[in-house]
Amino acid sequence: MDTLTIAYALIAVGLVLMAAELFVPTHGVLLALGVGAGIIGVAMTFSYGLSTGVMTLLVLLVVVPIFGGLLMRLWPKTPMGKHLFLPEPDDDAVANMPVNLELEQLLGRYGKSLSSLRPCGLVEFDGRRIDTMTNGEMIEPNQWVRCVDIKGGHVIVRQADAPPDLGTMDTELFGR
């Protein structure tokens with residue numbers, strides 16, 4: 001066999017061994033063998049000719065990061081990767097957490113700011129102090145706010161006029 005063919009075969013074997021380390025836990029043995037095979041293969045291409053060695057090295061500098069990126073995208077889907085990476089939480093599971101369900105009750109309610117909301121701060125809703133945030137606006141203390149959204153466990157408020165007084169509402173609406 002030709003020296004160049006052996007060099008390219010060593011480089012290919014080195015890449016395969018480095019990739020195998022991701023799938024078979026050998027505590028770095030396959031990685032070391034793969035790196036060694038790759039280095040020997042590149043060195044052999046330089047013995048064939050300077051331009052061949054430089055071109056091989058440049059190709060490897062482009063191919064190895066792309067190959068590594070693809071492997072890293074596939075790795076979490078392998079049996080070993082499933083043991084090493086935490087699964088992504090379901091959106092339904094996060095939305096149904098007791099804390100989030102409790103915060104959902106605040107949607108549409110009025111409260112009074114206890115601190116400056118720049119954009120985060122404390123708001124009192126029905127005697128409960130809740131950490132809130134605005135959509136970027138600044139709100140001074142003792143201002144009425146209304147809960148407009150719940151995003152990722154955060155209560156989003158907006159400055160509002162005073163809440164409607166329930167005592168002045170028309171009682172005929174309630175059948176009295």
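**Salt bridges and a buried threonine**

Glu102 has a relative accessibility of 40% and therefore counts as partly exposed (buried means under 20% relative accessible area, exposed over 50%, and partly exposed in between, with a 1.4 Å probe and protein chains only). The model is predicted, so local features need pLDDT of at least 70 and side-chain atom pairs count only at pLDDT 80 or more, while totals for chains, interfaces and linings use all residues. Residues are numbered from 1 along each chain as its sequence is written, and side-chain values use heavy atoms, with hydrogens and water left out.

The structure contains four salt bridges (a side-chain nitrogen of Lys or Arg within 4 Å of a carboxyl oxygen of Asp or Glu). In one of these, the side chain of Glu102 pairs with that of Arg128, at 3.1 Å from N to O. This pair connects distant parts of the chain, 26 residues apart: Glu102 belongs to helix α6 (residues 98–104) and Arg128 to strand β3 (residues 128–133). Helices (H or I, at least four residues) and strands (E, at least two) are DSSP runs, numbered from the N terminus. Arg128 is partly exposed, at 32% relative accessibility.

A salt bridge also joins Arg109 and Asp126, whose closest N and O atoms are 2.9 Å apart. Arg109 is partly exposed, with a relative accessibility of 38%, whereas Asp126 is exposed at 56%.

Arg118 and Glu140 form a further salt bridge, in which the closest N and O atoms are 3.0 Å apart. Because Arg118 is located in the loop between β1 and β2 and Glu140 in the loop between β3 and β4 (144–151), the pair ties together parts that are 22 residues apart in sequence. Arg118 is partly exposed at 48% relative accessibility, and Glu140 is partly exposed at 40%.

Thr45 is part of helix α2 (residues 29–48). The relative accessible area of Thr45 is 0%, so this residue is buried. When neighbours within four places in sequence are set aside, Thr45 is in contact (heavy atoms within 4.5 Å) with Leu4, Ala7, Tyr8, Thr52, Gly53 and Thr56.
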